[in-house]
Amino acid sequence: MKIGLVLSGGGARGIAHLGVIKALHEMGISISQLAGTSAGAITGALFAQGYSPDESLKIIESSSFVRHLRPAWNRMGLLRLDMVVDLYRKYIPHDSFEGLQIPLHVVAVDLNAGELTVFDKGELIRPVLASCCLPGIFEPMLINKRQFVDGGVLNNLPVDIIENKVDFVIGSHCNVLGPRQPIRSMRGVIERSLVLAVQSKTRDRFSKCNVLIEAPQLSQYSTTDISKARELFRVGYQYTRSMEADIDKALNHPMQEIS
């Protein structure tokens, strides 16, 4: 049976995907295809390259991502991701989809055409980072003279990209809604509003997953909580392990949907 894994966007909460992957591996589940948006594109690329979830977590913790950001003086965003390209080349030196151990499909939005673009061939790192370019925060990524922004704007759980390539789809969704403390900052208002907007477009894709992994505890974390990486990893891992019986049942009765 070919199993596909779809990884949503969600900022720092995307680290939970690594815990999910570790738990699935311990259950003996082998992934044949990957699709990811934003944070899911980054974690998916590291996993597809062959890094274990624990190794990927260490890379994220030690890569000093923030230090490689640069101000975007042309004001199409507050920050630029150009300098991060060299950072990720250190870990994926071949910089190509073809060099990955597992086929990966990354989505980003062509800002001018207003449409979703799927990247799965050729250059890897810039498309992965393009998928993370949150509008207003990061300057759009220029690829082949086209401007790209975060794939989550149009598709934060790209199940449809691989559903016809596999027999069984597992969705890992980390952009979880839930009660939060009162919001007291402009950043908090913007972040919460984006999460709400993206979530409203994602619900109809949940039903396309044979199994949906969505740890409710993730609602208590911010998309910027990178300092809580190990907690986020643990949440994803423990929640997926708690679903083991349901996942096993779904694999043996693939017409059922488990969430």
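**Helix packing, burial and backbone geometry**

Mentor: In this predicted model, helices H1 and H3 are roughly antiparallel to each other.

Trainee: At what angle do helix H1 and helix H3 pack?
Mentor: Helix H1 covers residues 16–26 and helix H3 covers residues 53–62, and their axes lie 9 Å apart. An angle over 145 degrees counts as roughly antiparallel, and H1 and H3 therefore receive that description. The packing angle is about 165°.

Trainee: What is the handedness of the crossing in which H1 passes H3, and which residues of H1 make the contact?
Mentor: The crossing of H1 past H3 is left-handed. On the H3 side, the contact is made by Pro 53, Asp 54, Ser 56, Leu 57 and Ile 60. On the H1 side, the contact residues are Leu 18, Ile 21 and Lys 22.

Trainee: How many residues of each class does the contact of H1 with H3 have?
Mentor: The charged class contributes two residues and the polar class one. The nonpolar class is represented by five.

Trainee: How many of the 11 residues of H1 are buried?
Mentor: The buried residues of H1 are Ala 16, His 17, Leu 18, Gly 19, Val 20, Ile 21, Ala 23 and Leu 24. H1 is therefore largely enclosed by the rest of the structure. Of its 11 residues, the number that are buried is eight.

Trainee: Which residues does Thr 240 contact, leaving aside its neighbours within four places in sequence?
Mentor: Thr 240 belongs to helix H7, which spans residues 229–242. Buried means under 20% relative accessible area, so Thr 240 at 0% falls in that class. With sequence neighbours within four places left aside, its contacts are Val 20, Ala 23, Leu 24, Met 27, Ile 213 and Ile 247.

Trainee: What is the relative accessible area of Cys 209?
Mentor: Residues under 20% relative accessible area count as buried. Cys 209 is placed in that class because its value is 2%.

Trainee: Is Asp 95 buried or exposed, and what is its phi?
Mentor: Asp 95 sits in the loop between helix H4 (84–89) and strand S5 (104–110). At 11% relative accessibility, Asp 95 counts as buried. Although Asp 95 is not a glycine, it has a positive phi of about 50°.

Trainee: Is Lys 145 buried or exposed, and what is its phi?
Mentor: The loop between strand S8 (141–143) and strand S9 (146–150) contains Lys 145. With a relative accessible area of 81%, Lys 145 is exposed. Lys 145 is not a glycine, but its phi is positive, at about 65°.

Trainee: Which residue just after H1 takes a positive phi?
Mentor: The position in question comes just after H1. There a positive phi of about 85° is taken by Gly 28.

Terms used: Residues are numbered from 1 along each chain as its sequence is written. This is a predicted model: local features need pLDDT of at least 70, side-chain atom pairs count only at pLDDT 80 or more; totals for chains, interfaces and linings use all residues. Side-chain values use heavy atoms; hydrogens and water are left out. Axes are lines fitted to C-alpha atoms, for helices over the stretch in contact, and angles run from 0 to 180 degrees between N-to-C directions. Helices (H or I, at least four residues) and strands (E, at least two) are DSSP runs, numbered from the N terminus. Angles under 35 degrees count as roughly parallel, over 145 as roughly antiparallel, 65 to 115 as roughly perpendicular and the rest as oblique. A crossing is left-handed if the near helix is turned anticlockwise from the far one by less than a right angle, and right-handed if clockwise. Contact means heavy atoms within 4.5 Å. Ala, Val, Leu, Ile, Met, Phe, Trp, Tyr, Cys and Pro count as nonpolar, Asp, Glu, Lys and Arg as charged, and the others, Gly among them, as polar. Buried means under 20% relative accessible area, exposed over 50%, partly exposed in between (1.4 Å probe, protein chains only).
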